[in-house]
Amino acid sequence: MQQTRHRIRRAGRHRRITGLAAFAALALAALTTASATLPAATRSAAGPVATAEDSGLGPCRIGSTLGVQMSEGLPTPPGYARSTGEVRALNLMIDFPDAPGTGRALDRLAEFFPQTSDWFRTSSYGRLTYRPLAPVTNWLRMPMPFAAYGIERGSPYEPGYRKLVEDIVATADPKVDFSTYDLVNILVTPNAGPSALDTVLSVTFSGNDEAPIADGVPLANTSFVYSRQDDGSGSYTETGYRVLPHENGHVFGLPDLYTAEGGGAVGHWDIMSEDWGANNDLLGWHKWKLGWLDADQIRCASAPGSTEYALTPLATSGGAKMTIVPLSQDSGYAVEVRTRAGNDEAVCEPGVLIYRVKSGVDTGQGPVTISDSDRDSGGCTRRPNVHAELSDAPYRPGESFTDRRNSISIAVVREDPGGTYRVRVTRS
Ligand SMILES: [Zn+2]
């Protein structure tokens, strides 16, 4: 029996929402969703990989670190769901005797689709075709009241989630062939449990080979979504779905980037950091990890000296997307261009984003840290539920980042008319 370790934690946060008195309600602690992953065992299902064809990128392929539950390193270990090609997602809408579903179950489904599929298509440049399927169109009634499962934020898999998954399997099995799906979304009736404004219960158990078996396969990669992440700004129908791509990010092997202190490490630059409010994309590092960027779109700044790189905006398709500046076997800097395009709708200062990736730091402990070009500025965003301070983190032409200890400097030389940025990396 594998030991399961859970790193779910409360991530209360304070936002600076200048001049938007109407959003005062947002001062309520909005909690980022949680993840709980189990050590991946040996399962034959292929995980997302950045393949061995990455010749020349050797030192930049920061590897996974042993002993880390959910690592930023490459490649993602087996056991997680595939993140390229067609991915079949089973969606089950469940309710309880003490929290009967209000409205149609398909309306609950419609809170997340087609937005979630569109989000993945856009972020993956069309490499992930996400097929949401709902073979049961009504609410699946669980046999016990919600409270009887003992589910709270931070609940481990045992015993509550195991019992819930067993009950879901028993209730749905006559109508569902579980063996034909790559991942499972459990969309819980929003009236079960607390409001997401108070406590975010949404959680994913990924790489869990010890999960109950249905139709011969373990329900190893399962996301649970509770309540509604409605920030009160009136944008729920536009942005409320974003909890699901976050939770599914865990199913594909991505760690949480928020920490016990909240979203101060990465802000709004990755959906694994913040999934409330205005839309945002994934970091280039995550896109590489998921197999959405090719080796020839990555530049490796491992040699001493000064080299200039041309990078195109991350949200657009094709071209060089990221320069990696390796520091050690388990850490390095990533450099990419973020503009207001694609899923990055909240970008208020486009430019070159620089961040440190550490594969030895676990999910929820801060495996990625953004370097803020303009510290203590308060940021440029006025969007609710966006970590304001880091919103103006990108470096503009003429600005540079320096790591004296490692003798590295990264300077933004200029922005070309087509939106390509030229970046000079110096290692001495
Ligand atoms: Zn999470």
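Two residues are in contact if their C-beta atoms, placed from the backbone, lie within 7 Å. In this predicted model, 71% of the contacts between residues at least 6 apart in sequence join residues at least 24 apart. The chain has 428 residues, and 50% of them are buried. Its secondary structure comes to 6 helices and 18 strands.

**An open sheet**

- Five strands make up an open sheet, in the order β10-β12-β13-β14-β15.
- The pairing in this sheet is mixed.
- Its edge strands are β10 (298–300) and β15 (368–370), and each of them pairs on one side only.
- From one strand to the next, the twist averages 25°.

**The β13–β14 pair**

- Strand β13 covers residues 331–338, and strand β14 covers residues 351–358.
- The two strands run antiparallel and pair over 8 bridges.
- Y333 stands opposite R356, a residue of β14.

**Helix α2**

- Helix α2 spans residues 115–123.
- Its buried residues are T116, S117, W119, F120 and S123.
- These residues lie on the same side of α2, because they cover an arc of only 160° around the axis.
- The elements that cover the buried residues of α2 include strand β3 (128–133) and helix α5 (243–251).
- Y125 follows α2, and the phi of Y125 is positive, near 55°.

How values were computed. Residues numbered from 1 in each chain as written. Predicted model: local features only at pLDDT ≥ 70, side-chain atom pairs only at ≥ 80, totals over all residues. Pairing = 2+ DSSP bridges. Helix = DSSP H or I, 4+ residues; strand = E, 2+ residues; numbered from the N terminus. Axes fitted to C-alpha atoms, helices over the stretch in contact; angles between N-to-C directions. Buried ≥ 20, exposed ≤ 12 C-beta atoms within 10 Å, placed from the backbone. Arc of directions from axis to C-beta.
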